[in-house]
Amino acid sequence: MRLDKLLAHSGFGTRKQVKQLIKDQLVEVNGQVTKKHGDKVDPDSDTITVSGVPVHYQEFIYLMLNKPQGVISATQDDFHETVVDLLEPNDILQDPHPVGRLDIDTEGLLILTNDGKLTHLLTSPNRDVEKVYGAVVEGLIGEEEVAKFASGLTLDDGYQTKPAQLEILDQDPENNLTQVQVTLTEGKFHQVKRMFQAVDSQVISLKRLAMGSLTLDPGLEAGSYRELTQAEVDQLKAE
């Protein structure tokens, strides 16, 4: 790996800033000052320091974000704030991307990583990774709708969904609202909203609570995030 790339990914600044550190002779490789930003280094065997501070290279980054409403699941956009805009500069340098997507008005659990293999494992339609959502919907949802979700629904474009689990949590007859939890193994465009449209209901609010083995940390406020633990990463990879 190039030295400047390693330092940039390790949080020592942009490529331009890293080149200046090297030019200022602040970077040592195996105890020797280096002046070439393009030198090849091995983070597993070489000892690298910046101003005497050891460099601990992390190839992959795994983050759990509690996505707020009004933010889009993208790495960049000309008109809206993105989930990457919510990250600290050092984490942005790792080039993480969202695993799947949540609609702009949907909140909750979103994984960000630069590990393409894990992204594929969690989003491949053949792997049937469960996603759990909490929602408030219009109408007093009953056992008829539960059965329809369990059988699979025909969406507005003719697509037949896989069976999904619909659980009724609470009802508010006065305001004609139902609180539900939905578990599905697909991720079609606006799928949860379109599934409720198929049973003549509308989603008022929607929040993703879990993806695979990973459950949204209740200590994370909307817009905040944390690194996944190694145990959480290992469990996701084992699914």
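**Close-up views of the predicted model**

**View 1. Val 27 has Val 50 as its bridge partner in β3.** Strands β1 (residues 27-29) and β3 (residues 48-50) are joined by 3 bridges in the antiparallel sense. Strands are DSSP runs of E of at least two residues, and helices are runs of H or I of at least four, numbered from the N terminus; two strands pair if DSSP finds at least two bridges between them. The model is predicted: local features need pLDDT of at least 70 and side-chain atom pairs pLDDT 80 or more, whereas totals for chains, interfaces and linings use all residues. Residues are numbered from 1 along each chain as its sequence is written, and side-chain values use heavy atoms, without hydrogens and water.

**View 2. An open sheet of 4 strands has the order β2-β1-β3-β4, with antiparallel pairing.** Its edge strands, β2 (32-33) and β4 (53-54), each pair on one side only.

**View 3. The largest pocket holds about 530 Å³ of space.** A pocket is an open set of points on a 1 Å grid over the protein atoms alone where a 1.4 Å probe fits, with protein on both sides within 12 Å along at least five of seven lines; lining residues have an atom within 4 Å of a point. The volume is the space filled by probe spheres set on the points, which are joined across faces, edges and corners. Among the 27 lining residues, Arg 101, Lys 131, Glu 186, Gly 187 and Lys 188 are the closest to the pocket centre. Two or more lining residues come from each of α4 (116-123), β8 (131-138), α6 (191-197) and β11 (203-211).
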